[in-house]
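Keep it brief and give the cut-offs.

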Amino acid sequence: MSPNDTKAESSGYQRVVLKNASPHHYLKVRLLLEDETCRVSSVELKSFIITCLKGLHGEVGAALDVGVLKYEEETLTALLRVQSRGLVKLWSSLTLQGSYQNQACAFRVLQVSHQRNLC
Amino acid sequence: MSVFMDLNLLFCADRKRLQSLVETAANLGFSTVAINYVFEPKAKKKQEVPSPVPISELIGQLPVVQGRSRPIRVLNRLTVVMSEANHFRPNATEYRPFDLLAVQPTTEKLFHAACLLCDVDIVCISVMEKLPFIFKRAPVNGAIDRGVVFEVSYAAAIRDSTMRRYTIANAVSLMESCKGKNVIISSAAEKALEIRGPYDITNLGLLFGLSLADSKEAVSSTCRAVLLHAETRKTASGIIYTMKKQQQQEEEQDAAGCDAPAAKRPKQT
């Protein structure tokens, strides 16, 4: 390996210090479905997430402002943004969701961060 | 940092499904899992205690844990569902091959006995029904002093919304009396899609009324404490451990085979 290569591959870690608590948290999630050929559009995903929230936390949960910032339909991977105080609610409702349109499903939370560029 | 464990994967005869369960757990970052055999004695007829299938036969090549480059550790665990006091037999030889021993009491009296008297590692909290009794401080504190832990499993909460209500209600009422100490959260999963990652479970613990530190411990260091407690069960308070030496047996057999029994039988003379 030449020295240039090592320079290009700088360590993937960076230390970020925030003076104030950040207003949002970002979650990178992947939806696993029993039927792997099933397609889910971004609109369907968003409405599914709101259903999850409503199922566990009721209307108060459904009122949380969740944004789908990025979505890859092939891998079913999405980047979600949520207010920091709603993180626990959103995360727990994704964890406890077990079915999507009568088939088993699971949300795998890949990364959680308070900085968008880290996800 | 302590490693993550999931001490409850339900045993099923389907070997492929069990393999996919263990593989998923390893992928999610669990370094130790336990395969759970549930034994439910009925009132009338006598039933056999299940005997564990050897791990190597069950799974074969153990999958590597995500991020630790080490194969996953798989244990055997027996859960006895107690509906009468004599269902749990102390010192039964059938319990010996299991690494972990758990009971699931169904009445307040049995819960009291399980916490204070039974020589077990885990007391399971029912999540399938509304609790028929409330957790009293005395047995819970006694269990904490003895190092017995309480287990809440979450797979039922994923399957059904009514069970979810019961799971959360029972867990919250347990946390009120034990104040977050000696609690483990495990999956009790039958399918691979019912297992959740360790950090998801930590977050779920917040919903059950645990603090962040306690819920992290519920998937890591408390589980390790259970394993150590289970090891002391087999030994004399964890100080002395006795085992049969295979070689000696063979020698005795050889000795019995040849004609020198008089010296070997001091008790008869």
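The report below takes these topics in turn.

## Basis

This is a predicted model: local features need pLDDT of at least 70, side-chain atom pairs count only at pLDDT 80 or more, and totals for chains, interfaces and linings use all residues. Residues are numbered from 1 along each chain as its sequence is written, chains are lettered from A and ligands numbered from 1 in the order in which they are written, and side-chain values use heavy atoms, with hydrogens and water left out.

## The two chains

Chain A has 3 helices and 5 strands. Both are DSSP runs numbered from the N terminus: helices are H or I with at least four residues, strands are E with at least two. The order in chain A, from the N terminus on, is α-β-α-β-β-α-β-β. Of its 119 residues, 40% are buried. Buried means under 20% relative accessible area, exposed over 50%, and partly exposed in between (1.4 Å probe, protein chains only).

Chain B has 11 helices and 7 strands. Here 48% of the 269 residues count as buried. A contact means heavy atoms within 4.5 Å. Among contacts in chain B between residues at least 6 apart in sequence, 73% join residues at least 24 apart.

## Interface

Chain A puts 19 residues into the contact, and chain B puts in 17. Together the chains bury about 1500 Å², with 63% of it on carbon and sulfur atoms. Buried area is the accessible area (1.4 Å probe) that two parts lose on being put together, summed over both. On the chain A side, Thr95(A), Leu96(A) and Arg108(A) lose the most area to chain B, together 42% of what that side buries.

## Pocket and cavity

The largest pocket has a volume of about 710 Å³. On a 1 Å grid over the protein atoms alone, a pocket is an open set with protein on both sides within 12 Å along at least five of seven lines; a cavity is a set of points where a 1.4 Å probe fits but cannot get out; lining residues have an atom within 4 Å of a point. Grid points are joined across faces, edges and corners, and a volume is the space filled by probe spheres set on the points. Of the 26 lining residues of the pocket, Val109(A), Leu110(A), Leu28(B), Pro198(B) and Tyr199(B) lie nearest its centre. Strand E5(A) gives the most to this lining, with 6 residues.

The count of cavities of 30 Å³ or more is 1. The largest cavity has a volume of about 70 Å³. Its lining includes Phe111(B), Cys124(B), Glu129(B) and Phe133(B).

## Salt bridges

The whole structure holds 5 salt bridges over all chains. The rule asks for a side-chain nitrogen of Lys or Arg within 4 Å of a carboxyl oxygen of Asp or Glu. In chain A, Glu59(A) pairs with Lys54(A) (3.4 Å, N to O). Glu59(A) is exposed at 55% relative accessibility, and Lys54(A) is partly exposed at 44%.

In chain B, Glu108(B) and Lys136(B) meet at 2.9 Å, N to O. Glu108(B) lies in helix H3 and Lys136(B) in the loop between strand E5 and helix H4 of chain B, so the pair ties together parts that are 28 residues apart in sequence. Lys181(B) and Asp214(B) form another bridge (3.9 Å, N to O). Lys181(B) is partly exposed at 43%, whereas Asp214(B) is buried at 14%.
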